[in-house]
Amino acid sequence: MKLKIKKTKGFTLVEVVVVLVILAILAAIAVPALTGYIGDAKKRSADTQARNVYQAAQAAYVDYYADNKSSVKDTSNRRFYAWNGGSGWGPATDPGTMNEFTKNVCRYLGDDVTGFIAIWVDDKGKITKTCWSETHHQSPEAAEKDKDAGFYKPR
C-alpha cells in the first residue's frame, strides 16, 4: 500500500498574523526611541553651530577692535543678530540695522551657513552667549524660546 504524503507549501494564516503582531510590537518600541535620537542629534548640531557663531564672533571682535580702536561694548546695542535664508546674510528685522561687528561675524561664517544667529555682549564688551537656529526670529529673545535653537555660553 502506498502512503500519500501531503506536501504543504507556505505559511498558514495564523503564522503570518503572529509574525505581523511581533513586528508591530517591535516597531512600537523602536520608533519612539529612534525619534528621540534624531531630536538629540539635531539639538547637538544646533549647539555646534552656536559654538561656530561664537568663534566667528571672537574673530570679528578682534577685527572690530583693531579697525575702530574701541570695544563692541561702546556700541549702542548689546545684542547682535542676523539671518541668512540661503541668499546671503542680512538683517533679521529692519533693513540696514547690521553694524560692522555683525557684518564681520557673517563674513567669518560665510554664506554656506544659513539660519538665524544672535550674539549677546555684556557691558564690559565680553561675548556672553551665542545662538543659532534654523528658524527666522525677530529678536534674540524670541530665539531663546525656540526649543530647537542651539546656544553656546563660554566658560
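**Terms and the values behind them**

Tutor: By the rule for a salt bridge (a side-chain nitrogen of Lys or Arg within 4 Å of a carboxyl oxygen of Asp or Glu), the count comes to 4 salt bridges. The model is predicted, so local features need pLDDT of at least 70 and side-chain atom pairs count only at pLDDT 80 or more, while totals for chains, interfaces and linings use all residues. Residues are numbered from 1 along each chain as its sequence is written, and side-chain values use heavy atoms, with hydrogens and water left out.

Student: What makes K43 and D47 a salt bridge?

Tutor: The closest N and O atoms of K43 and D47 are 3.5 Å apart. The limit is 4 Å, and therefore the pair qualifies.

Student: Where do K43 and D47 stand relative to each other in helix 1?

Tutor: They are 4 residues apart in helix 1 (residues 13-68), which means a separation of about one helical turn. Helices here are DSSP runs of H or I with at least four residues, strands are runs of E with at least two, and both are numbered from the N terminus. As a general point, an α-helix has 3.6 residues a turn, so residues three or four places apart point the same way.

Student: Why is K43 called partly exposed?

Tutor: Buried means under 20% relative accessible area, exposed means over 50%, and partly exposed lies in between (1.4 Å probe, protein chains only). K43 has 30% relative accessibility and therefore counts as partly exposed. D47, with a relative accessible area of 27%, is partly exposed too.

Student: How do you know that D63 forms a salt bridge with R107?

Tutor: Their closest N and O atoms are 3.2 Å apart, and this falls within the stated limit. The pair links distant parts of the chain, with D63 in helix 1 and R107 in helix 2 (residues 100-109), 44 residues apart. D63 has a relative accessible area of 22% and so is partly exposed.

Student: Which residue forms a salt bridge with D148, and is K147 buried or exposed?

Tutor: D148 pairs with K147, the closest N and O atoms being 3.5 Å apart. K147 has a relative accessible area of 68% and is therefore exposed.

Student: Why is helix 1 called oblique to helix 2?

Tutor: The axes of helix 1 and helix 2 come within 8 Å and cross at roughly 130 degrees. That angle makes helix 1 oblique to helix 2, because angles under 35 degrees count as roughly parallel, over 145 as roughly antiparallel, 65 to 115 as roughly perpendicular and the rest as oblique. Axes are lines fitted to C-alpha atoms, for helices over the stretch in contact, and angles run from 0 to 180 degrees between N-to-C directions.

Student: Which residues of helix 1 and helix 2 meet?

Tutor: With contact taken as heavy atoms within 4.5 Å, N52, V53, A56, A57, A59, A60, Y61, D63 and Y64 in helix 1 meet E100, F101, N104, V105, R107, Y108 and L109 in helix 2. These residues divide into 11 nonpolar, 2 polar and 3 charged. Ala, Val, Leu, Ile, Met, Phe, Trp, Tyr, Cys and Pro count as nonpolar, Asp, Glu, Lys and Arg as charged, and the others, Gly among them, as polar.

Student: Which residues in helix 2 are buried, and what covers them?

Tutor: F101, T102, N104, V105, C106 and L109 are buried. The cover includes helix 1, strand 1 (79-84), strand 2 (89-91), strand 3 (115-121) and strand 4 (127-133). Just after helix 2, G110 takes a positive phi of about 85 degrees.

Student: What makes A149 buried?

Tutor: Its relative accessible area is 0%, and A149 is therefore buried. A149 is placed in the loop between helix 3 (140-144) and strand 5 (150-152). Not counting residues up to four places away in sequence, A149 touches K43, A46, D47, C131, W132, S133 and A143, so both members of the K43 and D47 salt bridge are among its contacts.

Student: Why is T128 called partly exposed?

Tutor: T128, which lies in strand 4, has a relative accessible area of 32% and is therefore partly exposed. Beyond four places in sequence, T128 touches W120, V121, D122, Y152, K153 and P154.
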